Amino acid sequence: MTATTSTSAAPATPAPLVDATRDDASLRRFLLGLPGVDQVGVEQRAAGLGTRSIKKDAKRWAIDTAISMVDLTTLEGADTQGKVRALAAKAVRPDPERQDTPRVAAVCVYPDLVATAVEALEGSGVHVASVATGFPAGRTSREIKLADTKIAVDAGAHEVDMVIDRGAFLEGRYMAVFEEIQAVKEACGDAHLKVILETGELATYDNVRRASWLALLAGGDFIKTSTGKVSPAATLPVTHIMLQAVHDWHRQTGELRGVKPAGGIRTTKDAIKYLVAVHEVAGEPWLTPDLFRFGASSLLNDLLLQRRAQVDGHYSGPDYVTVD
């Protein structure tokens, strides 16, 4: 992942945004003062973007781009070092019979398996991401959340995916959430921070917009929809709102921040819908793994099968790709 700003020296944050985080009352006033989301409008636009058709050449580009944006993920209680090594091998060479297949962006694991992933991916260019802060519920003390983050970073994680305290957010304790994100960001050091909003628990689109801006104000390099453990996870309307937030953030600050939908994106058709949304809502600069990711486990297999179909002119069965 490269720098999150569009220039070598980041522009000064506009005064209204600095003032927004001065104290609890200012932050509350800023977040509650954000324009409300037109539910019908955002759902209609997301549905419209999802019906766009693309030509064959563009589809091949979209498939390769989507592969390069995948955070190949395993977050199960039964995860083993062997499974992580196998996932790492797939991340580097997703289709061993097609050497021109792009590698994925990152492998995402629990903190205790970061060292295994780092060793397996050394020199590959594939990043290691780690969930932290009491993932997925986040129901633990700040001290433990920071210790969790430190374990991941000390083991070599390039990226940390934290969960926000949804209970605090829904109670309106915005400054508590803001300060916790800031503390985790500091604990990350040079590692990039993705802030998981768990949009399926936020209840309203207005809350998704507020949580997005809160995470951006606190220093998140990416805002991420979901843990993948709660339904609904990623949806096009929610991702649309988050893409609009990073677009507006860039317009006001000059800084580029990323978006990561995670959970429920399983097919190439789904992935292409999201890429269309990225292009139309945020803009072409976001069509890069530096600024857009897919949190996924099964998506990669379908992308590989569709890629073979584009190259070979016919569909291959699932036996031609490895099963995660």
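Me: How do α7 and α9 lie relative to each other, roughly parallel or roughly perpendicular?

Reply: This is a predicted model. In it, α7 (residues 142-154) and α9 (residues 174-188) pack at an angle of about 30°. Angles under 35 degrees count as roughly parallel, so α7 and α9 are roughly parallel to each other. Their axes are 9 Å apart.

Me: Which residues make that contact?

Reply: From α7, the residues are Arg142, Lys145, Leu146, Thr149 and Val153. From α9, they are Ala176, Glu179, Glu180, Ala183, Val184, Ala187 and Cys188.

Me: And the crossing, left-handed or right-handed?

Reply: The crossing of α7 and α9 is right-handed.

Me: What about α9 and α10, what angle do they pack at?

Reply: About 45°, with the axes of α9 and α10 9 Å apart. Roughly parallel needs an angle under 35 degrees, and roughly perpendicular starts at 65. The pair α9 and α10 is therefore oblique. Their crossing is right-handed.

Me: Which residues meet there?

Reply: Tyr174, Val177, Phe178 and Ile181 are on the α9 side. On the α10 side, they meet Arg210, Leu214, Ala215 and Leu217.

Me: What happens just after α10?

Reply: Gly219 takes a positive phi there, of about 110°.

Me: New topic. How many residues does the largest nonpolar core have?

Reply: It has 91, and Ile181 and Phe294 have the most contacts inside it. Helix α12 (residues 268-282) gives the most to this core, with 9 residues. In soluble globular proteins, nonpolar side chains tend to be buried together.

Me: Which residues is Phe294 in contact with, leaving aside its neighbours within four places in sequence?

Reply: Among them are Ala66, Met69, Val70, Ile265, Ala271, Tyr274, Leu275 and Leu299. The list also includes Asp71 and Lys260, as well as Pro261.

Me: How many residues are in the second, separate core?

Reply: That one has 7 residues, including Cys108, Val131, Val163 and Ile196.

Notes. Residues numbered from 1 in each chain as written. Predicted model: local features only at pLDDT ≥ 70, side-chain atom pairs only at ≥ 80, totals over all residues. Heavy atoms only, no water. Helix = DSSP H or I, 4+ residues; strand = E, 2+ residues; numbered from the N terminus. Core = buried A, V, L, I, M, F, W, Y, C linked by side-chain atoms within 4.5 Å. Buried < 20%, exposed > 50% of the residue type's maximum accessible area, 1.4 Å probe, protein only. Contact = heavy atoms within 4.5 Å. Axes fitted to C-alpha atoms, helices over the stretch in contact; angles between N-to-C directions. Parallel < 35°, antiparallel > 145°, perpendicular 65-115°, else oblique. Left-handed = near helix turned anticlockwise from the far one by under 90°.
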